[in-house]
Amino acid sequence: MRKLWRVAVRFVHPSWAVTWLAVGVAAGVIASFVFDLTVFGSMLWLAVAAVFLLFAILRPQAVIIALAFFAGFLCGAVRTNLAIGDVRILETHYDKEVMVSGHIYDDPDEQEGSLALRLNRLQIGNDLNAEVSEINANLYVTVSAKTSPKRGDIIAVSGKLQEGFGSFAGVMWRSNVVQVLTPEPGDWARQARDWFAERVKAEVKSPEADIGLGYLLGQKRGISVDAEEKLRIVGLTHMVVASGYHLMVMVRLAKRGFKNVSRFAAIFVSGLVIICFTAITGAGPSMMRAGIVAGLSLIAWYYHRKFHPVKLILLALAITLMMNPHYVIDVGWLLSFASFAGIMILAPLITAYFYGGKGLRDEDSREELEESDVPLPSFHSGKVKTVSSAGLKAFLRKQERMAKQAGKPKKEKGPNFLAQIIIETMAAQICTLPIILYFIGDLSMVALFSNILIGPTVSLTMAALCFTGAFHALVPFLSFVFARVSELVLGYHLAVINWLSELPWAMREMPIGWVGLVAMYVGILLAMVFLRVRSGYRLSNVNVIE
């Protein structure tokens with residue numbers, strides 16, 4: 001009993017308070033959708049949550065840190081009750097003919113002669129200019145393709161309002177367009193993107209330009225329905241929706257290009273890339289997750305710190321849920337976090353198991369520190385001695401001298417570029433597979449091959465297209481050269497996509513129920529634990545922006 005009490009009252013790092021706060025937010029959001037928690041509808045509960053969190057941070061003991069979980073639970077429950085309240089306003093108009101106006105927050109999608117629009121900041125009424133309180137909910141609307149509304153416009157539609165799906169509170173099929181307003185100055189990011197896309201299309205022919213602009217800007221209007229179906233069959237749909245992967249590519253390039261100037265220059269330029277790229281492509285669930293993860297990782301890197309990937313995932317998850325609790329039932333949001341967990345947790349563990357890992361393992365790090373005569377924590381005696389930074393620096397200098405004397409620096413064994421692509425692709429697909437089978441029921445049998453054949457050249461394509469548009473008016477000759485490089489690589493991509501999509505076994509139907517979903521994720525979790533124990537790899541070595 002005394003040993004249990006000593007564990008309960010021992011001090012822990014304050015970051016655990018933030019971690020448990022994030023877990024609590026997720027628990028509060030999920031619980032509010034499953035159970036009736038209207039008792040937490042008052043904003044006064046946020047004051048209680050603030051007291052709990054403050055106490056957990058100021059007194060970070062294991063037993064008290066649990067207060068951070070309750071603080072997060074209250075925050076998640078209050079925020080979800082507010083969101084559910086807006087949905088209930090729409091519910092009173094279900095199965096009725098209504099006129100709804102709202103802001104188009106994402107690019108329209110063409111669907112067999114119609115346009116699919118996503119609206120938020122809704123108003124129900126006949127006057128777009130009337131001072132009516134906005135409903136903070138998302139609406140899915142389809143209209144005739146003869147109209148040409150754009151992202152950032154305000155549109156009024158009439159039709160029958162029906163119950164929604166996923167993160168959409170309602171849906172209106174085949175509705176009539178009443179009015180379209182383009183605010184001034186409008187969506188500057190979308191205007192800049194369209195201006196840039198026109199210059200790329202002037203240099204690169206279609207359909208190569210259409211696929212390439214999907215990579216670079218998430219612009220899908222030029223991609224045909226047949227091409228979209230082929231991308232779905234080969235498992236490359238995520239490549240042309242400006243996903244978080246594209247943002248991370250841009251951030252890594254910006255950071256590597258400016259880190260030799262200064263850390264401030266690197267974080268400043270990378271921050272501008274996050275803001276501008278998110279504004280240009282649209283703040284969808286995947287982009288929001290990637291922007292938050294990249295931003296937090298950059299801040300930690302600037303202060304010579306690292307985020308543990310599990311803590312980083314939980315924190316980003318909590319922030320996005322506080323922004324929109326309905327993301328918890330959005331398939332795109334779930335796939336984004338599952339894919340990120342596969343790349344940041346499962347892939348490093350697989351690499352460590354087969355190659356020894358890029359970072360030090362637990363036992364390796366202790367052995368090397370012991371050889372350096374640096375004071376170490378004594379875990380057997382129960383006493384903890386502080387490891388001085390001066391001693392660690394001396395140890396690193398000693399290792400550097402030894403490496404130079406050996407004639408060449410020490411290199412860690414690791415996978416080559418192609419092997420790393422295969423491992424990361426497999427890890428992402430393993431973690432997203434249960435969600436895909438549960439919600440969609442289709443499994444691409446060639447997704448691994450398509451990602452291996454195309455994935456390594458996507459960064460090259462994005463860079464070439466970027467230079468094509470940038471040099472269009474300034475240096476036409478360079479724009480011509482980069483355009484030809486883009487066409488060559490994109491032509492190879494189209495050939496691979498057409499070849500794999502025509503294979504008779506490329507796609508299979510394999511639907512599963514919720515029992516299969518839970519069982520598969522339990523198996524994945526057990527596999528992660530096994531790999532972690534056998535490899536001894538420290539996940540804290542993982543850095544998403546490196």
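Which residue forms a salt bridge with Asp 226? That would be Lys 230, with the closest N and O atoms 3.6 Å apart. A salt bridge here means a side-chain nitrogen of Lys or Arg within 4 Å of a carboxyl oxygen of Asp or Glu.

## Ground rules

This is a predicted model, where local features need pLDDT of at least 70 and side-chain atom pairs count only at pLDDT 80 or more, while totals for chains, interfaces and linings use all residues. Residues are numbered from 1 along each chain as its sequence is written, and side-chain values use heavy atoms, with hydrogens and water left out.

## Salt bridges

Ten salt bridges turn up in total. Back to the opening pair: Asp 226 and Lys 230 sit four residues apart in helix α7 (residues 225-233), so about one helical turn separates them. Helices (H or I, at least four residues) and strands (E, at least two) are DSSP runs, numbered from the N terminus. Asp 226 is partly exposed at 48% relative accessibility; buried means under 20% relative accessible area, exposed over 50%, and partly exposed in between (1.4 Å probe, protein chains only).

Arg 118 pairs with Asp 109, with 2.7 Å between the closest N and O atoms, and both residues are buried. Glu 134 bridges to Arg 121 at 3.6 Å. That one ties together distant parts of the chain, from the loop between β3 (114-124) and β4 (139-144) to strand β3 itself, 13 residues apart. Glu 134 is partly exposed at 35%, and Arg 121 is partly exposed too, at 40%. There's also a salt-bridge network linking Asp 107, Arg 190, Arg 193 and Asp 194.

## Helix α12

As for the ends, Asp 330 caps the N-terminal one, with a side-chain oxygen 2.9 Å from the backbone nitrogen of Gly 332. After the helix comes Gly 356, with a positive phi near 95°.

Methods:
Polar contact = N/O pair within 3.5 Å; in protein donor to acceptor, adjacent residues only side chain to side chain.
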